[in-house]
Structure formats: structure tokens, C-alpha cells
Amino acid sequence: MNMIVVWLVLVVLLVIGEMATVGLTFIWFALGALAAAITAALSAALLVQWIVFLAVSALTLILVRPAAKKAFQNRISPTNADRIIGQVAQVTERIDNSAASGRVSIAGQSWSARSEHDVVISVGTQVKILRIEGVKVYVESV
């Protein structure tokens, strides 16, 4: 079988793999396979094609991947929930980090809550929202 076709089929399979994973995993090897296809088109020996494939794959993985990953990195964008940071809330369920329990009410919404300083906070206490982690707010007594 013609090695140009083999390398080009490998390029297509690797690109499909990259689209399926979307993790900047296979694209570097697809570029290496494309370079190997070019060397095959220039009638290079099979050993040379493999060396080009490995070298180009390794170089693009080492040199280009960090910049590409940084460019495509998911940026955290603020949400409307961030507006409650710094606000005062009321404890509606006793906050006890060791029991993994606690809820606060703020602006008509109920949030899971944990104590920032690992102290138990009783129902009815006014607390200040310090930060949000996932679906939990971290608070301290006012």
C-alpha cells in the first residue's frame, strides 16, 4: 500500500480523535503524520518517515502545546452569584463544618454554608458571605 495514503488516513483518524476528545491530545500526532506524508511524497525511506513523524510530533507537543493550551484555556467568568460576596445573610440551619451541615438565606435564596473559621454558628445568626466554592458559601459571624 502507498505510504502517502497510510499517513493521510492516519492524519484523518487522529483529527477525528482530537475532535472527539477536545483535549489537545491527538492534533500533535496528526501534524507529525502530515509531515511523514510529505516525506513519503518526496520518496523518503520508511525509516526517515517514522523519524520525521516522531520528531515533528514531539516538537509540536513540547513547543506548541503549552501556548495552545494557554490560549484555549477556559477562563472563569464571573456570575450573578458573585454579587452576594460581602453581603450579610441569616443562618437558617446550624452551620457545623464537622457535620457538613449549614444553610443561609440571602436575597430570598437558600445556600449551603460552611464556616470560614471552622466554628459552629447557630440559627438566626447574621453572617457575612466571604467566598463561594461550587454551591457552598463560606461565612463568618458579623
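Analyst: L8 is partly exposed because its relative accessible area of 39% falls between the limits for buried (under 20%) and exposed (over 50%), which are computed with a 1.4 Å probe on protein chains only. Before going further, please keep in mind that this is a predicted model, in which local features need pLDDT of at least 70 and side-chain atom pairs count only at pLDDT 80 or more, while totals for chains, interfaces and linings use all residues. Residues are numbered from 1 along each chain as its sequence is written, and side-chain values use heavy atoms, with hydrogens and water left out.

L8 lies in helix 1, which covers residues 3–21; helices here are DSSP runs of H or I with at least four residues, strands are runs of E with at least two, and both are numbered from the N terminus. Apart from neighbours within four places in sequence, L8 is in contact with L34 and A37, where contact means heavy atoms within 4.5 Å.

Helix 1 also meets helix 3: M3, W7 and L10 on the one side face L46, Q49, W50 and F53 on the other. The two axes come within 12 Å and cross at roughly 20°, an axis being a line fitted to C-alpha atoms, for helices over the stretch in contact, with angles running from 0 to 180 degrees between N-to-C directions. Helix 1 and helix 3 are therefore roughly parallel, since angles under 35 degrees count as such, while those over 145 are roughly antiparallel, those from 65 to 115 roughly perpendicular, and the rest oblique.

Within helix 3, S57 is buried, with a relative accessible area of 2%. The side chain of S57 reaches the backbone oxygen of F53 at 2.8 Å, and, leaving aside neighbours within four places in sequence, S57 is in contact with W28, F29 and G32. By contrast, S43, in the loop between helix 2 (27–41) and helix 3 (46–72), is exposed, with a relative accessible area of 65%. Its phi is near 65°, a positive value in a residue other than glycine.

Strands of a sheet pair through backbone hydrogen bonds, either parallel or antiparallel. Strand 1 (residues 88–96) pairs with strand 2 in the antiparallel sense over four bridges, pairing being counted if DSSP finds at least two bridges between the strands. Q90 has S105 in strand 2 as its bridge partner.

Last, the C-alpha atoms of L8 and V119, which are 111 residues apart along the chain, are separated by 63 Å.

Methods:
A polar contact is a pair of N or O atoms within 3.5 Å; within protein, one must be able to donate a hydrogen and the other to accept it, and residues adjacent in sequence count only if both atoms are side-chain atoms.
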